[in-house]
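Please look over the sequence and the 3D structure below.

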Amino acid sequence: MLNVENLVKTFPGSKRPQSERVVAVDDVTLEVPEGKLFTLLGPSGCGKTTTLRCIAGLETPDSGEIRVAERTFFSSSNRTRLRANERGLGMVFQSYAIWPHMNVFDNVAFPLAVESRNRRPSKKVIRERVERTLATVKLDQLANRQATDLSGGQQQRLALARALVMEPPLLLLDEPLSNLDAKLREEMRFELKRLQRELNITAVYVTHDQVEALAMSQFVAVMNEGQIMQVGKPREIYERPNSQFVADFIGTSNFIDGVVEAREPDGRYGVTTTEGVLRAGSQTDFVEGDPVVVAIRPEHVHIEAEPPLATAPNRWSGTVVARAFLGESVDHIVEVGKLEIRARVNPSISIRPGTAVTITFPEEACSLIPGG
């Protein structure tokens with residue numbers, strides 16, 4: 001559906017010579033399958049919104065190609081550039097940008113009413129499409145209400161309806177939930193996910209919220225400094241990060257530096273660390289002596305209020321130095337030599353600081369990423 005190839009976008013540097021430019025998007029290539037929600041995730045300034053604006057036609061790339069359903073929107077090689085209003089895409093902004101002087105019905109009808117004369121639907125068709133779209137986002141009972149009288153969640157659904165009424169081949173969403181409070185954001189995540197699945201919408205979603213990306217997406221691209229660091233399904237990104245940046249940005253991880261000792265017959269690696277040996281798997285090939293980092297999520301670390309009889313691979317002794325009740329879980333900080341390991345457990349388990357404990361790292365939950 002959407003193909004972006006070797007996209008590059010730079011901006012003039014504010015405090016640099018004019019010849020030096022800031023690279024916002026650095027050779028980005030991605031593919032969004034039809035009917036999927038694809039999320040661009042990353043910290044502020046990583047290039048995700050600039051990538052989205054290039055797809056929408058609101059920014060002109062320096063080079064690369066952008067195609068939607070085999071229709072070329074931009075190509076530096078053959079000098080093709082369609083303007084934003086020629087692309088027929090739907091877009092939902094962070095600010096919603098609804099018309100305050102119009103009611104709900106007129107806000108949704110507006111994109112259809114201002115179409116060029118040869119493309120504008122009849123009034124009957126406009127009414128049918130608006131009514132159908134309002135029913136889809138559950139605003140049909142509020143069609144005559146002024147847009148400014150809606151709640152935050154209703155305004156967000158109104159902005160979404162205005163994009164959907166165009167029946168676009170691709171929907172672009174730029175942090176549309178960031179202005180909502182925490183509880184409403186969670187509700188709208190499931191609402192957007194439901195709509196996307198039921199209507200089979202192809203969408204590109206931009207966010208810096210890791211939970212939002214994992215909860216809503218079918219594919220996630222993690223970006224940093226203008227580049228895509230890893231692309232995959234949410235569970236793959238979370239459980240098998242390919243770099244320390246991805247592991248650290250997506251949730252919380254324990255990072256343990258080590259050196260590859262040997263490759264085991266089952267394909268796992270033995271890793272020597274300052275506090276003992278760990279066994280972990282990896283999709284990357286390593287050789288003996290390679291510096292690596294073992295990454296493991298806190299919720300995968302098992303903790304028992306008993307010291308082990310002897311230290312073994314993936315089973316270490318330590319002492320709880322701190323704990324924090326988080327409502328749905330309890331975090332324990334365990335000191336193992338010079339390391340501090342975080343273990344996240346069920347709230348029914350709470351071990352006092354100063355208690356000697358055993359921590360276990362399940363081999364299948366440990367990931368190896370390149371070190372150095």
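## Glu 212 and its contacts

Leaving aside neighbours within four places in sequence, Glu 212 is in contact with Leu 177, Arg 185, Arg 189, Tyr 205 and Thr 207. Contact here means heavy atoms within 4.5 Å. Glu 212 sits in helix H7, residues 210-216. Helices (H or I, at least four residues) and strands (E, at least two) are DSSP runs, numbered from the N terminus. With a relative accessible area of 1%, Glu 212 is buried. Buried means under 20% relative accessible area, exposed over 50%, and partly exposed in between (1.4 Å probe, protein chains only).

This is a predicted model, where local features need pLDDT of at least 70, side-chain atom pairs count only at pLDDT 80 or more, and totals for chains, interfaces and linings use all residues. Residues are numbered from 1 along each chain as its sequence is written, and side-chain values use heavy atoms, with hydrogens and water left out.

## H3 against H4

Helix H3 (residues 104-113) packs on helix H4 (residues 123-136) at an angle of about 125°, and their axes are 10 Å apart. Axes are lines fitted to C-alpha atoms, for helices over the stretch in contact, and angles run from 0 to 180 degrees between N-to-C directions. H3 and H4 are therefore oblique to each other. Angles under 35 degrees count as roughly parallel, over 145 as roughly antiparallel, 65 to 115 as roughly perpendicular and the rest as oblique.

Which residues of H3 meet H4? They are Val 104, Phe 105, Val 108, Ala 109, Leu 112 and Ala 113. On the H4 side are Ile 126, Arg 127, Arg 129, Val 130, Glu 131 and Leu 134. By class, this contact of H3 with H4 has nine nonpolar, no polar and three charged residues. Ala, Val, Leu, Ile, Met, Phe, Trp, Tyr, Cys and Pro count as nonpolar, Asp, Glu, Lys and Arg as charged, and the others, Gly among them, as polar.

## H3 against H5, and Arg 162

The axes of H3 and helix H5 (residues 152-164) come within 7 Å and cross at roughly 35°. From H3, the contact uses Val 104, Asn 107, Val 108 and Pro 111; from H5, it uses Leu 158, Ala 161 and Arg 162. Five of these residues are nonpolar, one is polar and one is charged.

Is Arg 162 buried or exposed? At 14% relative accessibility, Arg 162 counts as buried. Not counting residues up to four places away in sequence, Arg 162 touches Tyr 96, Ala 97, Ile 98, Trp 99, Asn 107, Val 108 and Pro 111. Arg 162 and Asp 106 are 56 residues apart along the chain, yet their C-alpha atoms are separated by 9.6 Å.

## H5 against H6

H5 and H6 pack at an angle of about 20°, with axes 11 Å apart. That makes H5 roughly parallel to H6. H5 brings Gly 152, Gly 153, Gln 156, Arg 157, Leu 160 and Leu 164 to the contact. H6 brings Leu 184, Met 188, Glu 191, Leu 192, Leu 195 and Leu 199. The classes are seven nonpolar, three polar and two charged residues.

## The largest nonpolar core

A nonpolar core is a set of buried Ala, Val, Leu, Ile, Met, Phe, Trp, Tyr and Cys residues joined through side-chain atoms within 4.5 Å. The largest one has 36 residues, of which Val 130, Leu 134, Leu 158, Leu 160, Leu 171 and Leu 173 touch the most other members. H3, H4, H5, strand S8 (171-174), helix H6 (182-199) and strand S9 (203-207) each supply at least two residues. H5 gives the largest share, six residues.
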